[in-house]
Amino acid sequence: MKISLDTQVRDFAAEMPGAAELFRQAGISFCCGGKMPLAEAADAQGLNADTLLAQLMALQEAANRDAPSETAALIDHLLERYHETHRRELESLIPLAQRVETVHGDHEEAPLGLDRFV
């Protein structure tokens, strides 16, 4: 994905693992208010946009790690990169899924019942 100060907050949240939690901690809306560029969202919260961009780039770098070719190392990589990453993120994503269902549940494209899969 394109990473810049002009990229909309909602795009980061939708496409980059860890971005939603980073925005939540920073007080940046990535749902209904997510149509604004990163620079504008950071400014609205009194945050340094370049620092926020660097944090997002670090998340992207972590997500792009190359998989090793040796079997044991590949298994460890998969467990850490995917399984553990998702376990860490689920703690913050489940309440977000519940909020989306509460706020947007009447919209035909809104996912329903996501928290039942936990």
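This is a predicted model: local features need pLDDT of at least 70, side-chain atom pairs count only at pLDDT 80 or more; totals for chains, interfaces and linings use all residues.
Which helices do the buried residues of α5 pack against?

1. Helix α5. This helix covers residues 71–104 and has a kink of about 45 degrees, centred on L90. Its buried residues are H77, R81, T85, E89, S92, I94, L96 and A97. They pack against α2 and α4, the latter being residues 49–63.

2. The F12–F23 pair. There are two aromatic pairs in the model. In one of them, the ring centres of F12 and F23 are 6.3 Å apart and the planes stand at 70 degrees, so the pair is edge-to-face, the cut-off for that class being over 60 degrees. The two residues are 11 apart in the chain, and the pair links distant parts of it: F12 belongs to helix α1 (residues 9–15) and F23 to helix α2 (residues 19–26). Both F12 and F23 are buried.

3. The F23–F30 pair. F23 also pairs with F30, with 6.4 Å from centre to centre and 35 degrees between the planes, and this pair is tilted. Through the ring pairs, F12, F23 and F30 are linked into a cluster.

4. Burial of F23 and F30. F23 has a relative accessible area of 0%, so it counts as buried. For F30 the value is 19%; because the cut-off for buried is under 20%, F30 is buried as well.

5. Surroundings of F23. Setting aside residues up to four places away in sequence, F23 touches V9, F12, A13, I28, F30, L38, L52 and L56.

6. Surroundings of F30. This residue lies in the loop between α2 and α3. Apart from neighbours within four places in sequence, F30 is in contact with V9, R10, A13, A20, F23, R24 and L96. One of these, L96, is among the buried residues of α5. F30 and A14 are 16 residues apart in sequence, and their C-alpha atoms are 8.8 Å apart in space.

7. The nonpolar core. The largest nonpolar core has 18 residues. Which residues have the most contacts inside it? They are F12, F23, F30, L38, L52 and L56. Helices α1, α2, α3 (38–44) and α4 each supply at least two residues of this core.

Terms used
Residues are numbered from 1 along each chain as its sequence is written. Side-chain values use heavy atoms; hydrogens and water are left out. Rings of Phe, Tyr and Trp (its six-membered ring) pair if their centres lie within 6.5 Å; planes under 30 degrees apart count as stacked, over 60 as edge-to-face and the rest as tilted. Helices (H or I, at least four residues) and strands (E, at least two) are DSSP runs, numbered from the N terminus. Buried means under 20% relative accessible area, exposed over 50%, partly exposed in between (1.4 Å probe, protein chains only). The bend at a residue is the angle between axes fitted to the seven residues ending there and the seven starting there. Contact means heavy atoms within 4.5 Å. A nonpolar core is a set of buried Ala, Val, Leu, Ile, Met, Phe, Trp, Tyr and Cys residues joined through side-chain atoms within 4.5 Å.
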